[in-house]
Amino acid sequence: MSLLTAIAVGAMFGIGLFQMLRPNVVRSAIGIVLVLNAVNLFLLSAGAYQGEIAAYDTTSTRARSDALPQALVLTAIVIGMGGFAFVLAMVTLLSARYHTSSIDDIDRLKG
Amino acid sequence: MDPNPVLPLLPVLAPIAGMVASLLAVRWWRVQALVALAATAFGTLAALVLLSRVWSVGAAMVYQSGGWPAPYGISLVADPLAAFLVLMSQTVMLAGAVYAVGSTERCVRDPIFLPLFLALAAGLCGAFLTGDLFTLFVFSELVVMAGTVLTSLSDDGNGPEAALKYFYLSLMASTFLLLACGMLYVAHGTLNMADLGRRLAASPGEPLAGLALPLLFASFMIKSAVVPFHFWQPDFHTVSPTAVSAMLSSVVVKLGVYGFLRLLTLLYVADAPTLQALLLVLGLAGMVYGGLAAIGTHNAKRVLAYSTLAQIGVILAAIGWGSQPALAAALVFTFNHSLIKAALLMLAGALASRAGVKSADFTHLTGVGRGVPVAGALFLAGGLALAGVPPTAGFVSKLLVLQSGFQAGRLVSASAIGLLGALTLVYVTHAYRRLFWVPLPAGATAKPRGDRLLAPALLVVLVLAIGAWPAALVDVALLAARWLADPQAYVTAVLGG
């Protein structure tokens with residue numbers, strides 16, 4: 001199971017990175033989401049395969065799972081969502097000002 | 001002494017409190033301005049008190065938030081290095097707030113400008129003070145977000161373009177940092193930097209911990225705009241509002257420098273020689289590239305942005321030498337460069353606000369400074385400080401860097417720094433000539449009023465004062481360097497005996 005997760009996370013990261021490097025700004029914004037979520041899944045899987053019961057359950061003596069990665073992922077998801085919303089706002093603004101969706105045509109700053 | 005002192009929290013809490021208060025007062029810009037000034041002034045005061053307390057104790061002050069003991073809770077660690085950098089960033093942030101309030105730019109009147117500016121200050125101080133790698137990620141993301149939104153607000157229509165470029169790169173940097181957090185957590189089961197440093201030293205050779213190192217290194221390189229990863233920086237500084245670009249080019253780029261210092265002296269002490277060699281090469285490359293690019297550009301703000309690449313190069317080279325005096329010299333250089341670069345960018349922006357066409361391009365700025373002799377004098381003093389001419393603070397930092405280099409026996413690289421310093425003189429005098437010496441071209445006009453010059457004047461006075469009495473600053477930097485030489489002291493301070 002952990003091998004499957006590893007492959008899935010790796011594939012997701014790779015696809016996201018590929019999309020991110022595309023010249024179309026909308027595609028590359030979607031690439032950002034894929035990369036961020038791949039990293040979140042990686043963090044989540046860091047604590048997924050240890051322990052059998054929830055961390056707050058004190059009634060049982062079985063190995064308790066590690067809750068910290070989940071706390072980290074929650075924070076990271078919120079930050080990633082804010083970042084993605086901001087990128088989308090930026091893309092809207094840019095396509096209105098430059099009348100293009102290609103990153104190659106957004107090139108007024110040089111020198 | 002208080003076992004859990006709250007003092008390290010104050011430089012972070014003051015801007016956050018100011019941010020909340022100014023968000024409550026979105027309709028009254030004057031109230032927001034007062035709140036921003038008060039919050040940054042209080043933050044500076046708190047940073048000053050913090051540094052003096054740390055200085056008198058000679059060790060770290062640690063605040064365990066919520067009273068949770070070290071490896072489980074989040075610690076705020078005001079060791080001499082962090083306290084020094086916090087004082088630096090709060091001082092420059094205070095000057096930035098003063099500049100923003102006296103600015104004529106339209107975007108400054110935006111109700112979210114000042115709250116975001118305070119968020120930048122909070123993120124910066126938090127990132128310096130935190131003793132936890134994940135919290136470092138959160139605070140640096142706060143800095144990135146605040147910086148990008150402030151830039152996209154810019155009066156210049158190209159703001160969103162620069163913001164998008166910066167945001168993509170620094171989002172990648174943050175993703176790397178997050179990945180490194182995950183890897184270190186898998187390898188060593190902790191994210192507290194003191195605990196992590198101890199465990200990395202105790203069991204080297206964990207494969208995932210080895211992978212985390214290049215990720216952290218790349219992340220700090222993007223944050224500091226070290227040369228191959230600098231592409232966002234010049235565009236970003238050209239279009240962002242002056243008050244913001246002065247902060248970004250001076251204190252925000254020091255976040256990566258701080259990261260390198262922690263990597264070398266706390267986390268990956270065993271790999272330090274390799275990293276130091278790498279930093280030395282990167283630093284020299286940055287000095288050559290930044291210096292030449294600054295000479296070749298035609299925009300005052302861009303010249304200063306490229307100059308930052310070169311100056312970061314000097315700092316990295318000094319860190320690369322790695323001896324205690326070299327680290328102290330790097331810290332003094334870091335402090336002085338922040339003050340000088342912020343002052344110069346503010347002056348360039350103040351002139352741009354007086355030009356007929358509001359732009360920092362040399363074609364629009366030529367001769368504008370002739371009507372503002374005060375700005376000319378300040379620019380000259382700041383420019384000479386940047387080039388390292390006595391009696392300014394820039395001379396002190398340059399002298400210390402060269403001295404420590406020769407002491408460490410690094411003759412070639414130290415002489416290279418000395419020689420490449422001549423490039424600084426070239427672009428500074430060129431900029432001065434274009435802005436303040438050449439008469440206004442026929443048909444061009446300069447506005448009589450523009451951004452106020454109080455903030456850059458304060459910074460330049462500070463630069464001259466440090467040039468005249470450098471002893472206090474150098475002593476604190478030496479204490480910080482001594483402290484950095486002993487990673488065990490940090491570990492003991494955070495985790496207890």
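**Notes on salt bridges and cavities**

1. B:Asp195 is buried, at 2% relative accessible area. Here buried stands for under 20% relative accessible area, exposed for over 50% and partly exposed for what lies in between, using a 1.4 Å probe and protein chains only. The model is predicted, so local features need pLDDT of at least 70 and side-chain atom pairs pLDDT 80 or more, while totals for chains, interfaces and linings use all residues. Residues are numbered from 1 along each chain as its sequence is written, chains are lettered from A and ligands numbered from 1 in the order in which they are written, and side-chain values use heavy atoms, leaving out hydrogens and water.

2. Which residues pair with B:Asp195? B:Arg198 forms a salt bridge with B:Asp195, the closest N and O atoms being 2.8 Å apart, and B:Arg199 makes one with B:Asp195 as well, at 3.4 Å from N to O. The term salt bridge covers a side-chain nitrogen of Lys or Arg within 4 Å of a carboxyl oxygen of Asp or Glu.

3. B:Arg198 and B:Asp195 are three residues apart in helix 7 (residues 193-202) of chain B, which separates them by about one helical turn. B:Arg199 and B:Asp195 are four residues apart in helix 7 of chain B, again about one turn of the helix. Helices are DSSP runs of H or I with at least four residues, numbered from the N terminus. Both arginines are partly exposed: B:Arg198 has 40% relative accessibility and B:Arg199 has 34%.

4. Another pair sits in helix 6. B:Lys165 and B:Glu161 meet in a salt bridge at 3.1 Å, N to O; they are four residues apart in helix 6 (residues 159-188) of chain B, or about one helical turn. B:Glu161 is buried at 2% relative accessible area, whereas B:Lys165 is partly exposed at 27%. B:Glu161 and B:Lys165 also belong to a network of salt bridges with B:Asp235 and B:Arg302. Over all chains, the count comes to six salt bridges.

5. Now for the empty space. Rolling a probe the size of a water molecule over the atoms shows where empty space is left. The search of the whole structure finds nine cavities of 30 Å³ or more. A cavity is a set of points, on a 1 Å grid over the protein atoms alone, where a 1.4 Å probe fits but cannot get out; lining residues have an atom within 4 Å of a point. Points are joined across faces, edges and corners, and a volume is the space filled by probe spheres set on them.

6. The largest cavity has a volume of about 100 Å³. Of its 13 lining residues, B:Met287, B:Ala310, B:Val314, B:Leu420 and B:Thr424 are the closest to the centre. Helix 12 (272-296), helix 13 (300-321) and helix 18 (411-437) of chain B each give two or more residues to this lining, with helix 18 giving the most, six residues. By class, the lining has eight nonpolar, four polar and one charged. Ala, Val, Leu, Ile, Met, Phe, Trp, Tyr, Cys and Pro count as nonpolar, Asp, Glu, Lys and Arg as charged, and the others, Gly among them, as polar.

7. The second largest cavity holds about 70 Å³ of space. Its lining residues include B:Ser140, B:Tyr166, B:Lys223 and B:Trp232. Helix 5 (133-152), helix 6 and helix 8 (207-224) of chain B each supply two or more residues, and the largest share, three residues, comes from helix 5. This lining has seven nonpolar, two polar and one charged residues.

Technical notes:
On a 1 Å grid over the protein atoms alone, a cavity is a set of points where a 1.4 Å probe fits but cannot get out, and a pocket is an open set with protein on both sides within 12 Å along at least five of seven lines; lining residues have an atom within 4 Å of a point.
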